Amino acid sequence: MEHVANQDARGLARLLGVELADARRLLGAAVARGKTLRDARNVRREILDRAAATLSEERLRVAHREDAADGFRRYLFELKDGAHVESVRIPLFDTHHTLCLSSQVGCALACSFCATGRLGLTRNLEPWEMVGQWMEVRRDSQLPITGAVFMGQGEPFHNYEAVIAAAYVLCDPAGGRVDGQRISISTAGVVPMIRRYTAEGHKFRLCVSLNSAIPEKRAALMPVERGQPLDELVDAVREHAAARGRVTLEYVMMAGVNVGEEDALALGRLLSGIPVRLNPIAVNDDSGRYRPPTEAEWNAFRDALARHLPGQPIVRRYSGGGDRNAACGMLAGTVR
Ligand code: SF4
């Protein structure tokens, strides 16, 4: 049975063979208002009956949630097949939240600094299982959730169509009502899907996890590099930037690994002429293999980046919730 949150209002109208206005009312009741299809207003009984008979309204089960000292809240969801995924609610200015969502159970890409990568891949999530994370977190929140990032468990571009469908439900006025510009999709660098994403012209922000501009080093950190090398990745980023503007590049900083002068120099060479925004972020690795840079190491790297990437915004990102396994790279379905 198709889930009501598997498609936006247009998709729902096609699926049910109803007017768009009716589909909006149905989706609005089930997603925007968090009630049930039968709570849709001004919809004929016959359409309500058909929708209720055709569509699943199943909810995700929150198995566990915990608060980190810095206000980040990690949610653990148990899916109907017993698999677990996580979301992290991120506080912004005490006035609203943004939500980091999972797109798969585990991940096949096995980045060496990431706890999710050590799990391997169990399965893809359906669109409603991503929208459902947002719905359950919203139910639990006093403040509005005004943004969503597909940066939790999984490689979003390995579950491309479902992620795009979920993003459209999240930004639908009858769905999550999140501004499309505040929805980010983060890929480790699946080049054919970046190209497809660019060609399709979606409105969501693209983020690419780069982590090194030196091919051998990147390959050691991110096995995806072996099949889809840096020069192809950078070509795809350049094309996206030409079509859509500045691309955000994430850079997980690991002391003694990728924060030296030669790393900044390689970044400058690789990204020359491409409008990017570099987001360095300190590694969170509870395996003990990697450590984040000290303040002195960060300051030196920041200065080197400023020299080698002149005119490119460099915005260090804070990855919170580390004391509750909620930080970037720590999502592995744990309960402590
Ligand atoms: S960093 Fe992202 S792509 Fe890499 S293993 Fe972790 S979840 Fe997968």
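Me: Before we start, how are helices and strands picked out and numbered here?
Reply: Helices (H or I, at least four residues) and strands (E, at least two) are DSSP runs, and they are numbered from the N terminus. This is a predicted model, in which local features need pLDDT of at least 70, side-chain atom pairs count only at pLDDT 80 or more, and totals for chains, interfaces and linings use all residues. Residues are numbered from 1 along each chain as its sequence is written, and side-chain values use heavy atoms, with hydrogens and water left out. With that numbering, one loop lies between β11 (205-209) and α8 (215-221), and it holds Asn-211.

Me: Is Asn-211 buried or exposed?
Reply: Buried means under 20% relative accessible area, exposed over 50%, and partly exposed in between (1.4 Å probe, protein chains only). Asn-211 also has a positive phi of about 70° although it is not a glycine. Its relative accessible area is 0%, so Asn-211 is buried.

Me: Where is Ala-110?
Reply: Ala-110 is one of the residues around the ligand (a heavy atom within 4 Å). Its phi is near 55°, a positive value in a residue other than glycine. At 37% relative accessibility it counts as partly exposed. Its place is the loop between β7 (104-106) and α4 (115-119).
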